[in-house]
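The entries follow the order of the search.

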Amino acid sequence: MTLTAYQGDRLTQAHTWSSLGDDELRRRAVKAAGEKDVGALTSLTRAYLTHEGASGLLTSPRTTEAYTLGVRQFLEYATNQAVNLLRPGRRDASGYVAFMLASGRKPAGVQLKVAAATCLYRALRWAGATDADPFKDVRIPKDRTPGLVKRPPYTEDELADVLDHADPHGKFLLFVTAHAGLRISEALALQWDDLDEAGRRIHVRSGKGRKARVVAMSTSLARATRHYRGLYAPGGAQHMDGRRTTPHDHVFRYASPMTARYHLDKAFQAAGVTFRGFHPGRKYAGTRLLQQVKDFGRVAAHLGHESIDTTRKGYAQLATDDLKDDLAGW
């Protein structure tokens, strides 16, 4: 499904709620909350995101799906603990946080699940079903573990081993994420016109926060792009892969990050490397670039970080290690 089609589908679904009169909207939301109707409450939350969220209709599919999953998980907890959604107790929200931490979930993951539950309550208030805001003052412990320790990048040897076992689609996706440092959502949104191997650059049209940027290609990535284009671009030697046609304008055949993860995981297994998601590849790109340029600003621009502070926090350990190496050489 294209982004435009996805947004049109979201708008249609949201209209189911937004077209209701105030009294009927409130009645349905109260009924859904009373019955802990997962389908209705996730639909209401998505409608709220579409009409009232910070990014509105432009909220990314990945964010929408993450919030949908988070709402489902909170509703499961609320059902098991007999939480009254419309009149939650004073300790219900903190109890949910404690439950997730006791289950082994990391603080960052807890933060995301609380954001989803908070969004559910915003949706219920938007519908006029309740005035409750139970997560307003909830505190979540901070994880002090450095990012590079908590989520280390893949090593060069690991990536080389996986590249030996990946098919052409997976191999090029690894190049785009681990060499260019694109987020998986940015990579899957690429269209053929966004790749300029002659000028050695990639145009990211809609990065995080809907910000565009231009990313430089390494020599090896430019070479891989020429090869991949010759195979799979419209008119390429293997544009028809025997099962389906690669979308005319999109670079990758994967319809979603989940599909891409499924195929890449097989390549990692064949190489004997643990697949830890796509972000460690992006961390590899950032780590490699910082070691080369020693400039947080350039790394932040390359990775599309909104703030240079994000880059400093994520790669501070690397900078410290480099300083130790420099001092050791004196």
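**Entry 1: nonpolar cores.** I began with the largest nonpolar core, which holds 42 residues; Phe172, Leu173, Leu182, Ile202 and Phe252 touch the most other members. I note here that the model is predicted. I then listed the elements that give two or more residues to this core: the helices H8 (156-165), H9 (168-178), H10 (184-188), H11 (219-232) and H12 (257-271), together with strand E2 (201-204). Another core lies apart from the largest one; I recorded 40 residues for this other core, among them Ala29, Ala33, Val114 and Phe135.

**Entry 2: contacts of Ile202.** I took up Ile202, one of the residues that touch the most other members of the largest core. Which residues is Ile202 in contact with, leaving aside its neighbours within four places in sequence? I found Ala180, Leu182, Leu190, Asp194, Leu195, Arg213, Val214, Val215, Met217 and Leu221. Leu182, one of these contacts, is also among the core residues named in Entry 1.

**Entry 3: cavities.** How many cavities of 30 Å³ or more does a search of the whole structure find? I recorded two.

The largest cavity contains about 50 Å³ of space. I listed its lining as Arg10, Gln13, Ala14, Ser43, Arg46, Ala47 and Thr50. Helix H1 (3-18) and helix H3 (38-52) are the elements that give two or more residues to this lining, and H3 gives the most, with four residues. By class, I noted two nonpolar, three polar and two charged residues in the lining of the largest cavity.

For the second largest cavity I noted about 30 Å³ of space. Phe74, Val83, Pro88, Asp92, Ala93, Tyr121, Pro134 and Phe135 form its lining. I classed seven of these residues as nonpolar, none as polar and one as charged.

**Entry 4: second largest pocket.** I turned to the second largest pocket, where the space is about 260 Å³. Its lining consists of Ala178, His179, Ala216, Met217, Ser218, Tyr284, Ala285, Arg288, Leu289, Gln292, Arg298 and His302. Two or more residues of this lining come from each of helix H13 (279-293) and helix H14 (296-303). I recorded the largest share, five residues, for H13. The lining of this pocket divides into six nonpolar, four polar and two charged residues.

Terms used: Residues numbered from 1 in each chain as written. Predicted model: local features only at pLDDT ≥ 70, side-chain atom pairs only at ≥ 80, totals over all residues. Heavy atoms only, no water. 1 Å grid on protein atoms, 1.4 Å probe; cavity = no way out; pocket = protein on both sides within 12 Å on 5 of 7 lines; lining within 4 Å. Points joined across faces, edges and corners; volume = space filled by probe spheres on them. Nonpolar A, V, L, I, M, F, W, Y, C, P; charged D, E, K, R; others polar. Core = buried A, V, L, I, M, F, W, Y, C linked by side-chain atoms within 4.5 Å. Buried < 20%, exposed > 50% of the residue type's maximum accessible area, 1.4 Å probe, protein only. Contact = heavy atoms within 4.5 Å.
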